[in-house]
Amino acid sequence: MPGRLQNKVALVTGAGCIGPGWGNGRATAVLFAREGAKVFAVDKNGESMKETLDRVAEFGGTIKTHECDVTQSASVKAMIDACLEAFGRIDVMVNNVGGSAAGGGGYQSHSVAVRSMRAPRWVFSAWWSSHKSSRLAAEVGPPWA
Ligand SMILES: NC(=O)c1ccc[n+]([C@@H]2O[C@H](COP(=O)([O-])OP(=O)(O)OC[C@H]3O[C@@H](n4cnc5c(N)ncnc54)[C@H](O)[C@@H]3O)[C@@H](O)[C@H]2O)c1
């Protein structure tokens, strides 16, 4: 059912991939563009978004890329500003950048488990992006307005 995100602006972090093929961020960016969203694709590695761009170009979707390390607050602010500059609003925020360590709770080493419990930087980046965009949402109004 195409068109479910028609005229929406979606910011997707980690929209590249560590290799060729599909990662979660690339898949999200391409699917959202296919559904009609204007996608603001963000990654710390600009080169990794080339395939994302190519896949969206195949069906003529709308996508712009932006380089940003989402663990850096100044860069996140610049990312939000750049998205606003490009598309004027943010309706959907996908905080895809994250991290994990091998092994479940019962198998991880003590130091890895402790590190996981201390709000890791990816939690901070998700919080920071959402916080920034929530404040932004309050300023520009809800997507349905
Ligand atoms: N692949 C899996 O099996 C799997 C399973 C569960 C959860 N996840 C989670 O999904 C998310 C994406 O994983 P994936 O394997 O699909 O993607 P991936 O590792 O293939 O790609 C992640 C992208 O994020 C970018 N990135 C990393 N750190 C960044 C930062 N600080 N700022 C901006 N961009 C950054 C990388 O350059 C890369 O292009 C991660 O949070 C991961 O923990 C993945």
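**View 1. Two helices side by side.** Helices (H or I, at least four residues) and strands (E, at least two) are DSSP runs, numbered from the N terminus. This is a predicted model, in which local features need pLDDT of at least 70 and side-chain atom pairs count only at pLDDT 80 or more, while totals for chains, interfaces and linings use all residues. Residue numbers start from 1 along each chain as its sequence is written. Here helix H1 (residues 24-34) packs with helix H2 (residues 50-57) at an angle of about 25°, their axes 10 Å apart (axes are lines fitted to C-alpha atoms, for helices over the stretch in contact; angles run from 0 to 180 degrees between N-to-C directions). H1 and H2 are therefore roughly parallel (angles under 35 degrees).

**View 2. Where H1 meets H2.** From H1 come Arg-26, Ala-29, Val-30 and Ala-33; H2 brings Glu-51, Thr-52, Arg-55 and Val-56 (contact: C-beta atoms, placed from the backbone, within 7 Å).

**View 3. The open sheet.** Four strands line up as E3-E2-E1-E4, with parallel pairing (at least two DSSP bridges per pair). Strand E3 (62-67) and strand E4 (92-94) sit at the edges with a single partner strand each, so one side of each has no neighbour in the sheet. From one strand to the next, the twist averages 15°.

**View 4. Strand E2 beside E3.** Six bridges join E2 (residues 38-43) to E3, and Asp-43 stands opposite Glu-67 in E3. H1 packs on this sheet too, touching strand E1 (9-13), E2, E3 and E4, and its direction makes about 170° with that of E1.

**View 5. Around the ligand.** Of the 21 residues here, Gly-14, Gly-16, Gly-23, Asn-24 and Gly-98 come nearest (near: C-beta, placed from the backbone, within 6 Å).

Note on methods
Angles under 35 degrees count as roughly parallel, over 145 as roughly antiparallel, 65 to 115 as roughly perpendicular and the rest as oblique. Two residues are in contact if their C-beta atoms, placed from the backbone, lie within 7 Å.
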